[in-house]
Amino acid sequence: MLNVLIIDDEQSICSSLSFALEDEFKVWTALDAKSAVTLIEENEIDGILLDLNLGKTNGMDLLRTVKERKPEVVVIIMTAYGTIESSIDAIKKGAYHYLTKPLNLDEVKLLLNQALSYQQLHRQIQVLSEAVRQQETYAGIIGKSKSMQKVFQLIEKLKDIPSNILITGESGTGKELVARAIHYQGCRQNRTFSVINCAAIPEQLLESELFGYEKGAFTGAYQRKQGLFERSYGGTIFLDEIGEMPLALQAKILRVIQEKVVTPLGSQEVKKVDVRIISATHRNLREEVEKGHFREDLFYRLNVIPIQIPSLKERKEDIPLLVDHFLALYSGKIGVRAKTCSSAAKRMLYNYSYPGNVRELSNMLEYGVVLSESDVLQPEDLPETVREKSPKVESHEESGLVIADGLSMAEVEREYILYTLEKNEGHRMKTAKQLAISERGLREKLKNYLREKG
């Protein structure tokens with residue numbers, strides 16, 4: 001049984017409405033704003049009948065308070081004939097509809113039932129959207145493509161295993177994100193996760209960063225420093241761009257793996273270490289071994305379990321998800337309402353090849369969000385790179401649903417149904433009519449989507 005709150009400063013109206021609705025709903029009543037707010041906070045209220053004139057209290061202020069604290073609650077305004085204009089203003093501020101006094105009890109029941117049905121459908125859509133979102137992300141990594149789902153499955157299997165892992169993939173594909181997911185989803189999550197880029201640090205400095213040094217070990221070593229292997233005891237070290245590590249240092253990494261000990265620079269004392277090593281590279285290490293640039297024995301020690309991260313052009317069906325994510329992320333960072341893309345801008349983004357992968361897409365959308373003066377990004381708001389290499393499209397084409405490559409027919413149907421439902425603000429009859437299916441058929445499809453993702 002759904003819960004309804006009647007807020008009116010006239011006891012007679014509260015009593016008559018309560019009597020009329022109590023067979024279908026659990027009813028609460030409040031004669032003033034203070035008691036109404038208390039009831040809303042202490043109970044799961046589904047719908048509210050609110051009088052705009054509450055004596056000294058402005059019903060519009062109470063509406064604002066309700067929508068701030070419980071935005072999902074359906075509010076129907078009750079108003080005298082002379083204040084219809086203000087009730088329409090209330091609808092713009094979140095009310096579902098309004099009723100004029102004197103009230104017709106049959107009309108009250110009908111509108112209340114319609115409003116609560118709308119609310120339930122809206123909640124179903126939210127549940128469905130959340131279920132879909134959860135299926136499309138893992139530990140902050142976004143992807144519903146088969147190739148990324150395989151990566152997620154691998155992470156789930158490996159997260160508690162101490163074996164060394166080698167992550168390969170083009171630059172910008174998110175290798176560090178995968179390494180972090182393995183660490184923070186697994187049994188070492190409460191220990192240190194250390195990151196070092198082997199290509200960004202000179203050899204001597206890289207050695208001291210990894211193994212540490214004793215006071216006086218070299219000029220400028222004024223005090224002892226622990227290396228990453230010591231500081232990360234029980235945790236994980238992520239060796240990014242391992243293919244760039246000098247051969248002399250590779251031999252020392254091999255010793256750490258084989259003997260589980262390190263010797264700081266300038267010291268004779270060996271120290272035991274317990275770390276899981278995750279490495280990453282954009283190079284083909286087998287070819288580097290053949291060229292003599294990488295130790296074969298170290299390669300096999302690091303490559304116990306390989307994970308290949310697909311390039312973005314190999315998982316184009318993930319681009320819409322990533323676009324939505326980065327638009328929301330960068331809009332939030334600059335404190336504006338989440339921006340969207342026009343159909344023309346989407347088409348450009350979907351058709352681009354992304355040599356810089358996810359990092360390049362992220363940069364493009366940060367550029368667009370920061371520089372665009374509109375809530376909707378147009379092609380001219382995107383960097384010149386993507387505009388030059390995309391098919392020419394009309395800049396201000398009407399926004400609509402753009403389907404990415406790689407979706408099955410069933411997924412395309414689902415995307416279109418949910419898009420049409422959202423466009424019609426959850427109105428099932430209008431949506432079913434537009435889709436040329438029965439309302440019952442639409443309801444069954446929504447139930448099936450929930451069941452599939454549940």
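Student: Which residue meets Arg-224 in a salt bridge?
Tutor: The partner of Arg-224 is Glu-230, at 3.3 Å from N to O. A salt bridge here is a side-chain nitrogen of Lys or Arg within 4 Å of a carboxyl oxygen of Asp or Glu. Please note that this is a predicted model, in which local features need pLDDT of at least 70, side-chain atom pairs count only at pLDDT 80 or more, and totals for chains, interfaces and linings use all residues. Residues are numbered from 1 along each chain as its sequence is written, and side-chain values use heavy atoms, with hydrogens and water left out.

Student: Is Glu-230 buried or exposed?
Tutor: Glu-230 is buried, because its relative accessible area is 14%; buried means under 20%, exposed over 50%, and partly exposed in between (1.4 Å probe, protein chains only). Arg-224, at 35%, is partly exposed.

Student: How many salt bridges are there in the whole structure?
Tutor: The search finds 19. One of them joins Glu-413 to Lys-445, with the closest N and O atoms 3.4 Å apart. Glu-413 lies in helix H17 (residues 409-423) and Lys-445 in helix H19 (residues 439-453), so the pair ties together parts that are 32 residues apart in sequence. Helices are DSSP runs of H or I with at least four residues, strands are runs of E with at least two, and both are numbered from the N terminus.

Student: And which residues form a network of salt bridges?
Tutor: Asp-8, Asp-51 and Lys-101 are linked in such a network.

Student: Changing topic, how many aromatic pairs are found?
Tutor: There are 6 in the whole structure. Tyr-352 and Tyr-354 make an edge-to-face pair, because their ring centres are 4.8 Å apart and their planes stand at 85°. Rings of Phe, Tyr and Trp (its six-membered ring) pair if their centres lie within 6.5 Å; planes under 30 degrees apart count as stacked, over 60 as edge-to-face and the rest as tilted.

Student: Are those two tyrosines buried or exposed?
Tutor: Tyr-352 is buried, at 1% relative accessibility, and Tyr-354 is also buried, with a relative accessible area of 1%.

Student: Which residues form an aromatic cluster?
Tutor: Tyr-184, Phe-193 and Phe-238 form one.

Student: Where is Ile-334 found?
Tutor: Ile-334 is in the loop between helix H13 (319-333) and strand S19 (340-341). At 41% relative accessibility, Ile-334 counts as partly exposed.
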